[in-house]
Amino acid sequence: MYLVNVIQMKRRTPSLVLLIGMALLTSACSTEKQQWDFPEFLGVSHTPIAPDPPCSVTGAGYFRSNTPGKFYRCLYTDYRWVKYNFSCPGTQNFNQSTQKCE
């Protein structure tokens with residue numbers, strides 16, 4: 001009887017190990033990521049950037065974003081405002097008066 005129990009236990013071991021591994025993987029994927037940010041150590045200060053105003057406030061057209069190197073277009077279509085985000089190449093910024101990245 002003891003030998004039968006040992007043989008059955010050996011058959012269950014791989015599935016038990018697989019089950020524990022899947023549980024660990026699932027818990028690792030479902031936990032919230034931690035952000036390791038040490039701005040004081042790096043000498044960088046994080047100044048929050050104000051969000052861009054909604055298109056319902058700005059109206060239609062191209063606008064410089066509050067984020068450096070970004071701009072957006074507001075368009076009213078199908079009875080709603082749609083916002084399209086763009087990036088300027090390299091270190092250029094969007095010039096509102098010329099409507100170009102410079």
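Mentor: Let us begin with Tyr 84, which lies in strand S3. Please keep in mind that the model is predicted.

Trainee: Is Tyr 84 to be counted as buried, partly exposed or exposed, and why?

Mentor: Buried means under 20% relative accessible area, exposed means over 50%, and partly exposed lies in between. Tyr 84 has 35% relative accessibility and therefore counts as partly exposed.

Trainee: Which residues form a nonpolar patch on the surface with Tyr 84?

Mentor: Tyr 62 and Phe 86 form the patch together with Tyr 84, and their accessible area comes to about 260 Å² together.

Trainee: How should I think of side chains along a strand in general?

Mentor: The side chains of a regular strand alternate between the two faces of the sheet.

Trainee: How do strands S1 and S2 run, parallel or antiparallel, and how many bridges join them?

Mentor: Strand S1 covers residues 61–64 and strand S2 covers residues 70–77; the two run antiparallel and are joined by 4 bridges. As one case of such pairing, Arg 64 has Phe 71 in S2 as its bridge partner. The hairpin of S1 and S2 has 5 residues between the strands, and Gly 69 in this hairpin takes a positive phi near 80 degrees.

Trainee: How many disulfides does the structure hold?

Mentor: The structure holds 2 disulfides. In one of them, Cys 55 is joined to Cys 74 with an S to S distance of 2.0 Å. This pair links distant parts of the chain, 19 residues apart: Cys 55 is in helix H3 (residues 55–58), while Cys 74 is in strand S2.

Trainee: Why is the disulfide of Cys 55 and Cys 74 called left-handed?

Mentor: The disulfide is left-handed because the torsion about the S-S bond of Cys 55 and Cys 74 is about -75 degrees. Cys 55 and Cys 74 are both buried.

Trainee: What can be said of the disulfide between Cys 88 and Cys 101?

Mentor: The sulfur atoms of Cys 88 and Cys 101 are 2.1 Å apart. Cys 88 lies in the loop between strand S3 and strand S4, and Cys 101 lies in strand S5, so the pair ties together parts that are 13 residues apart in sequence. The torsion about the S-S bond of Cys 88 and Cys 101 is about -70 degrees, so this disulfide is left-handed.

Trainee: Are Cys 88 and Cys 101 buried or partly exposed?

Mentor: Cys 88 counts as buried because its relative accessibility is 8%. Cys 101 counts as partly exposed because its relative accessibility is 23%.

Conventions. Residues are numbered from 1 along each chain as its sequence is written. This is a predicted model: local features need pLDDT of at least 70, side-chain atom pairs count only at pLDDT 80 or more; totals for chains, interfaces and linings use all residues. Side-chain values use heavy atoms; hydrogens and water are left out. Two strands pair if DSSP finds at least two bridges between them. A disulfide is a pair of cysteine sulfur atoms within 2.5 Å. Buried means under 20% relative accessible area, exposed over 50%, partly exposed in between (1.4 Å probe, protein chains only). Patches are made of residues with over 30% relative accessible area and no salt bridge: like charges are joined within 9 Å, nonpolar side chains (Val, Leu, Ile, Met, Phe, Trp, Tyr) within 5 Å. Accessible areas come from the Shrake-Rupley method with a 1.4 Å probe; for residues, only the protein chains shown count as cover. A salt bridge is a side-chain nitrogen of Lys or Arg within 4 Å of a carboxyl oxygen of Asp or Glu.
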